[in-house]
Amino acid sequence: MPDTAESIELLTDREHARKVYRAMLEARLLETKLSSLYKAGKIVGGVYLGKGQEAVSASLGSCLIPGTDVFAPLIRDQGGRTAFGEEVIDCARTYLGSAEGPMRGRDGNIHRGRPERGMLAMISHLGAAVSVVAGWLLARRLQGRLEGMVGATCIGDGATSTGAFHEGLNAAAVERLPLVVVVANNQFAYSTPNDRQFACEDLLDRAKGYGVRGYSVDGTDFLACLRVMREAVAEARRGGGPQMVVARLLRLTGHGEHDDASYVPESLKCGALGQDCMAVAAGQLVEEGYAEEAELAEWQEEIGEKVQAALAAAQRDPKPDPWREQWEAFSMPQTGDQNA
Amino acid sequence: MSITYVDAILEAQDHLLREDPRVFLYGQDISRFGGAFKATKGLAEAYPGRVLDSPISEDAMIGMAIGAALAGMRPVVEMQFADFSSIAFNQIVNHAGTHFYRTGMPVPITVRLPSGGTPGSGPFHSQSMEAIYSHYPGLVVVTPATVSDAYHMLLQSVALDDPVVYCEHKFLYRWLKASSIDREAPPLGQARITRPGKHATIVAYSAMVHEAVRAADRLKVESGWEIEVVDLRTVKPLDMDTVLASVARTGRLLALGEAFPWGGVTAEVVARVASEGFHLLDAPPKRFNSRDTPVPYHPNLWAAHRPTPETICLAMRELLAF
Amino acid sequence: MPTVPILMPQLGESIAEATVIRIDITPGGVVEADQEVIEVETQKATMGVTTLCRGTVKEILAEEGKTYAVGSTLGFLEVTEDEAMRTGVETLEAAAESRSAEQPIASKGEENLHFAVDDDSYEELQPVVEPSVRGLPVPAGVKGAHYISPRMRARMDEMGLREADISAVVGTGAGGRVTVEDLEKFLDYISKWPSSHASPMRLAVADAMRRSWTRPLATVSRPVLLDRVLEHRRQQDPKPGLTLYVLRAFAKALAEDPASAGFLIGERIVHPRAFDIGVAVQVEDGVVVPVLRNVDTMTLAQLTDEYANMVDRARRRRLREDDTKGGIATVTNFGTFGLTHGTPIPLPNETLILGLAAGVKKPVWSAQVEAFVPATEAELIVTFDHRVVDGGGAGLLLGRIADLLQSPAGL
């Protein structure tokens with residue numbers, strides 16, 4: 001059941017927090033299973049987890065309105081995808097190479113989307129989605145339908161070094177489009193640490209450079225993430241132009257599941273950035289009286305079963321058949337190369 | 001009263017903006033300034049808010065167009081020079097080109113590339129990029145050679161649901177004139193016999209069609225050779241039916257292009273004719289392209305860098321003597 | 001109970017194999033779903049192989065310290081039907097069933113088809129490139145009437161024409177080459193002449209002669225006296241044909257010195273396995289060549305019957321396929337048509353053909369009576385593949401045959 005802008009605004013803090021936590025939990029349980037399927041040889045290619053980034057991602061996704069807004073998640077955004085309404089089966093099918101689902105074996109893992117529903121399918125080239133989301137918003141302005149909508153995309157600290165990021169954010173700023181760019185600064189781009197990635201003091205400085213309003217948030221702090229994302233998205237929706245949120249956190253896993261992240265120093269893992277946002281969130285929910293301990297355990301059980309069922313179903317799906325595949329890159333067959 | 005090639009492009013965009021509310025134009029200096037080549041002159045005033053200046057961000061320009069197309073628009077992007085599309089290469093080939101196959105949702109963008117050399121424009125304002133884009137799946141690449149094609153093929157490109165790279169030749173902008181625009185044009189993907197003949201076929205596209213016709217005229221006057229000239233019009237898809245039918249009539253092929261010689265459209269044409277039409281050939285199929293150096297600045301060097309009627313005649317005589 | 005394999009996962013985009021460091025399970029042990037059971041190491045990282053579902057360890061194939069290709073089976077679990085259903089895991093039994101039911105493409109290890117690595121195949125595949133042809137296989141740059149372009153070849157094939165068929169066409173193309181237009185003009189001209197279909201026999205002879213004619217053929221001849229043969233023949237019953245005497249002499253001469261019957265292919269001479277020699281028999285609208293076997297060891301009397309039988313069957317078109325196979329040379333007696341000279345063409349698979357022309361009465365000087373005496377003389381002719389035999393060798397061969405014919409009783 002799609003939410004509406006109003007319903008987001010009308011949600012109480014309690015309802016919002018519970019909703020986001022459930023999305024985070026689904027993401028964590030789903031990704032844990034995916035990792036395990038990968039390590040059992042069932043998934044080819046790679047598995048890329050958002051472990052430690054669920055609070056940032058899901059709180060952003062929860063502020064977006066399915067059916068109205070446009071969202072371009074990146075590789076560590078299962079939380080955001082789930083909060084935005086992606087069904088578990090889409091993820092399961094894409095990872096497990098099913099002939100069904102949005103990508104039908106033509107693309108895999110996190111390279112999936114439902115563009116017709118406003119969720120873009122990322123390409124591997126980082127920063128490329130910034131301008132695409134901006135273009136979608138530009139179209140809505142030209143169509144006279146921009147009022148009350150936003151577009152959002154997530155990137156990491158590494159992607160802020162790409163030309164595409166700069167070009168896209170600048171172009172969006174020039175057009176004053178309601179674009180929210182969320183930078184999850186998880187300290188490492190694959191294995192490259194921040195000090196080899198950028199020389200400015202804070203990535204937030206970049207927002208200033210483009211005339212974009214910036215927000216800084218502790219990405220492990222669940223309630224802070226909720227508050228900041230709500231504010232940034234609302235500001236964009238009100239016509240405040242592009243917003244950029246920089247979340248500080250630590251990637252609690254390798255770049256992908258093939259990477260043991262042995263390059264991450266212990267001091268970081270044991271420090272404040274190393275705390276798990278899931279644990280923080282659970283604690284905050286209970287502390288604020290938003291949920292009971294027992295309730296959290298029930299959710300774990302309930303969502304775990306839902307995830308397991310989707311993965312089991314996806315494994316029973318037919319695999320793509322090269323003989324039946326439509327080997328056609330054009331949508332209009334008459335433009336296809338007859339002699340190719 | 002006559003209409004130039006660039007006028008035809010302007011007219012086509014005017015028509016598109018007038019007839020299709022989904023169309024908008026995006027590019028550098030195209031709004032009130034009217035574009036570096038005046039291909040959008042007056043359109044910003046006629047269609048307020050639909051002819052937008054972009055920052056000098058080719059990657060973002062195409063990214064914006066892709067997003068807008070996914071949201072239901074039909075953007076036409078003007079690259080100021082085809083050469084600069086290298087900055088947008090990733091968005092064109094990896095984002096627009098793969099999108100339909102990956103997601104089932106096509107990306108109806110049209111990217112206008114002012115292509116090819118003119119005297120004095122040098123290494124970075126003279127390139128022909130059609131081969132690069134044709135190499136990638138999912139992109140339609142058109143190369144109009146006539147005033148009417150410049151007009152109609154731009155309308156057809158925008159009508160297509162798939163991404164189109166529209167290569168317009170800068171040398172033809174003002175040099176090429178027609179008394180009027182034809183009422184109709186063949187569909188995209190169909191080549192045309194520009195000049196019928198029986199002794200050899202020259203397959204060309206864009207400005208080289210005109211150089212081929214001049215060379216053919218000369219060979220006719222000097223030696224009585226009758227050379228058929230095929231204008232590919234669209235380089236991807238490639239109309240091999242027309243090419244093979246022509247080679248079947250003549251038995252000899254020269255594939256002619258202004259782009260760099262390594263690989264490319266002419267190589268593709270020769271490869272296809274050699275493998276699909278070997279039995280049609282009286283002589284080894286031949287290619288003729290520009291030289292394998294950057295495009296030089298000075299007009300003397302530029303004229304010797306690209307195929308000219310004189311050098312095309314030399315190549316043809318070699319082909320005809322085999 | 002259904003079985004589920006424990007597989008070596010991919011563990012990285014460029015990883016082809018991983019080394020097992022530690023195995024944390026033993027057969028009979030119970031494992032939970034998603035439990036890390038085997039620790040493996042790649043060049044990039046160390047990580048755990050997990051189980052797909054809850055079950056009992058049935059068998060462990062992997063050994064610590066050994067390296068396994070991605071997709072290898074490291075062991076097996078036994079699981080319950082319920083657990084397999086809950087987790088969606090494909091059991092070996094289900095995989096086997098679905099394979100036999102359909103899936104024509106995926107043969108072995110379907111799940112991991114794209115990483116299947118054959119350990120030994122790389123070393124064995126030491127590619128050695130050897131030329132398959134000697135010299136340049138195409139007439140590159142060759143100009144002239146004999147060059148036929150792919151286009152011309154295609155048109156000729158379409159019309160069933162061979163190079164020999166267009167010998168009459170004057171070329172107007174580059175370097176005098178015959179073009180398709182020249183050919184069409186010629187065919188148009190020819191179409192105004194009366195014509196009829198060539199019989200299959202005619203076409204077969206034409207084809208054999210055309211193929212033979214691709215070689216450098218040379219012809220030499222010398223006279224031979226036939227009186228002694230004719231005298232010997234008169235005393236026989238039934239009388240062997242004159243051809244048979246020549247056939248025997250030819251076989252004996254070849255048996256003494258088989259080199260000239262060799263057949264050149266590439267850089268090798270193929271030698272006769274037996275002295276099986278054919279005889280050209282004129283039939284309606286063509287020539288057939290039945291082969292007589294082991295002519296060097298047969299007597300004239302033995303050959304007489306077989307020869308008569310063969311000729312009879314040839315004329316009635318009753319030759320079996322084998323009857324015309326395997327000859328090493330041919331004898332043709334065109335003297336029966338009154339011809340006193342000829343240049344026969346050997347079969348395409350033979351190097352030699354021996355011709356006998358018509359005998360003519362001539363005055364021949366006799367040293368015995370010191371006077372010219374009448375004698376029957378005929379030309380004995382051999383056409384040979386000059387790649388194999390030279391004029392001298394051919395002359396010696398003819399001389400030996402002429403000598404043998406002077407002692408017919410020995411034939």
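Author: In chain A, 58% of the 340 residues are buried. This is a predicted model. The overall dimensions of chain A fit that topic. For 340 residues, a compact globule would have a radius of gyration near 20 Å, and chain A agrees because its own value is 20 Å. The C-alpha trace of chain A spans about 60 × 45 × 45 Å along its principal axes. Its secondary structure consists of 12 helices and seven strands. Now take the contacts in chain A with a separation of 6 or more: 74% of them join residues 24 or more positions apart.

Next, the nonpolar interior. Nonpolar side chains tend to be buried together in soluble globular proteins. Here the largest nonpolar core has 236 residues. Which residues have the most contacts inside this core? They are Val182(A), Val245(A) and Ala212(B). So the list names residues of chain A and of chain B, because it holds Val182(A) as well as Ala212(B). Helix H2 of chain A, residues 13-39, gives the most to this core: 12 residues.

Zoom in on Val182(A). Set aside its neighbours within four places in sequence. Val182(A) is then in contact with Val56(A), Leu60(A), Ala152(A), Cys154(A), Val245(A) and Ala247(A). One of these partners, Val245(A), is also named among the residues with the most contacts inside the core. Another core, of 49 residues, lies apart from the largest one. Its members include Leu244(C), Val288(C), Ile401(C) and Leu404(C).

Now the contact between chain A and chain B. It takes 38 residues from chain A and 42 residues from chain B. Which helices of chain B each supply at least two residues of the side that touches chain A? They are helix H3 (58-70), helix H4 (89-103) and helix H10 (264-276). By class, the side of chain B that touches chain A has 21 nonpolar, 13 polar and eight charged residues.

Stay with helix H10 of chain B. Glu268(B) has its place in this helix. Is Glu268(B) buried or exposed? Glu268(B) counts as buried, because it has 21 C-beta neighbours inside 10 Å. The cut-off for a buried residue is 20 or more.

The domain assignment gives domain 1 (3-178) and domain 2 (192-321). The C-alpha centres of domain 1 and domain 2 of chain B lie 26 Å apart. Across the contact, 25 residues of domain 1 of chain B meet 22 residues of domain 2 of chain B. On the domain 1 side, helix H5 (130-135), strand E6 (140-142) and strand E7 (164-169) of chain B each supply at least two residues. That side of domain 1 has 12 nonpolar, 11 polar and two charged residues.

In the model, residues 3-175 of chain B are 40% helix and 17% strand, and the end C-alpha atoms of the span lie 10 Å apart.

Last, chain C. Buried residues make up 28% of its 411 residues. Chain C has 10 helices and 19 strands. Of its contacts with a separation of 6 or more, 63% are between residues 24 or more positions apart.

For residues 3-78 of chain C, an unreviewed entry lists "domain: Lipoyl-binding". This span is 0% helix and 53% strand, with its end C-alpha atoms 5 Å apart. For residues 147-187 of chain C, an unreviewed entry gives "domain: Peripheral subunit-binding (PSBD)". Residues 147-187 of chain C are 44% helix and 0% strand, and the end C-alpha atoms lie 19 Å apart.

Where does chain C touch chain B? The contact takes eight residues from chain C and nine residues from chain B. Helix H4 of chain C, residues 150-159, gives the most to the chain C side, with four residues. The residues on that side of chain C divide into five nonpolar, two polar and one charged.

Note on methods
Residues are numbered from 1 along each chain as its sequence is written. Chains are lettered from A and ligands numbered from 1 in the order in which they are written. This is a predicted model: local features need pLDDT of at least 70, side-chain atom pairs count only at pLDDT 80 or more; totals for chains, interfaces and linings use all residues. Two residues are in contact if their C-beta atoms, placed from the backbone, lie within 7 Å. Ala, Val, Leu, Ile, Met, Phe, Trp, Tyr, Cys and Pro count as nonpolar, Asp, Glu, Lys and Arg as charged, and the others, Gly among them, as polar. The radius of gyration is taken over C-alpha atoms; the globule rule is 2.2 Å times the number of residues to the power 0.38. A residue is buried if 20 or more other C-beta atoms lie within 10 Å of its own, exposed if 12 or fewer, and partly exposed in between; C-beta atoms are placed from the backbone. UniProt positions are given in the numbering used here, feature names are shortened, and annotations may be inferred rather than shown by experiment. A nonpolar core is a set of buried Ala, Val, Leu, Ile, Met, Phe, Trp, Tyr and Cys residues joined through C-beta atoms within 7 Å. Domain bounds come from an automatic or database domain assignment.
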